[in-house]
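Hi,

Here is the structure I promised to pass on.

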Amino acid sequence: MAVERTLILAKGDALVRGLVGEILARYERRGYTILGLKLMQVSRDQAQRHYAEHEGKPFFAGLVDYITATPVVALVVEGHDAIEGCRATNGATNPIKATPGTVRGDFGQTVGRNLVHASDSPAAAEREVAIFFHDAELFTRAHALAAWLAE
Ligand code: DAT
Ligand code: MG
C-alpha cells in the first residue's frame, strides 16, 4: 500500500451533461484528498503530450479533438493506491464493458465519450500532473488544516 497522487480529468461530455459534481463526489466519498482542481481549456500541445502513448493509433486525432473541444475539469487526488483505486472508480475504458456502479458503467455508452481520465501508473501520474498543474496550484490537507486550526 502506497500513498499516491493521480491525475483525473472529467472530460467535456461530463461537463456538458452536468455530471461533474456527481463524478467528483465519488472520489471524495471514497476518501481521496483533492490536492488540485480547476476548470480549464486544454491546448492541443497539452493534449498531444497527455495522450503521447496513443500517437499513431486510429483514434488519436479524435482523442485530441475531444479533449480540446470544450473545457475540462482537471484534478489531482491523493490517497492509498489512488492510481488503481481511481481507475476502478472510473470503470473499464469501454463503457459497455464497465461495471454498473462505476462512472463509465453508470453514465457512458461509447469509448469515444467515456467521461473521465485517470493516470494508469506512478510514472504516468507524475508526467500527467505536470502537464496540467504547476506546483503552486497543488495543496495538501495540511494547508487546509492549518487554516482551519488558526481560525
Ligand atoms: P483509459 O482512458 O481507460 O486509460 P486508454 O488510455 O487505453 O484508456 O485510452 C485513452 C482514451 O482513448 C480512452 O479513454 C478512450 C480512447 N480510446 C481508447 N481505445 C479506443 C478505441 N479503440 N477507439 C476509440 N477510442 C479509444
Ligand atoms: Mg489511459
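Predicted model: local features only at pLDDT ≥ 70, side-chain atom pairs only at ≥ 80, totals over all residues.

I started with helix α5, which covers residues 82–90; its buried residues are Ala82, Ile83, Gly85, Cys86, Thr89 and Asn90. Looking down the axis of α5, those buried residues fall within an arc of 165°, so they line one face of the helix.

What does the buried side of α5 pack against? Among the strands, its buried residues meet β1 (3–10), β3 (72–80) and β4 (116–118). They also pack against the helices α2 (20–30), α6 (103–107) and α7 (122–132). Just after α5 comes Gly91, with a positive phi of about 90°.

Now for the whole chain. It holds eight helices and four strands, and along the sequence they run β-α-α-β-α-α-β-α-α-β-α-α. The radius of gyration is 15 Å, close to the 15 Å that the globule rule gives for 151 residues, so the chain is as compact as a globular protein of that length. Of those 151 residues, 46% are buried. If you count contacts between residues at least 6 apart in sequence, 77% join residues at least 24 apart.

As for the surface, the chain exposes about 8200 Å², with carbon and sulfur atoms supplying 56% of that. There are 16 positive and 18 negative charges, and their mean positions lie 6 Å apart.

Cheers

Key:
Residues numbered from 1 in each chain as written. Chains lettered and ligands numbered in written order. Heavy atoms only, no water. Helix = DSSP H or I, 4+ residues; strand = E, 2+ residues; numbered from the N terminus. Rg over C-alpha atoms; globule rule 2.2 N^0.38 Å. Buried < 20%, exposed > 50% of the residue type's maximum accessible area, 1.4 Å probe, protein only. Contact = heavy atoms within 4.5 Å. Areas by Shrake-Rupley, 256 points an atom, 1.4 Å probe, with all protein chains shown as cover. Lys, Arg positive; Asp, Glu negative; His and termini not counted. Charge placed at Lys NZ, Arg CZ, Asp CG, Glu CD. Arc of directions from axis to C-beta.
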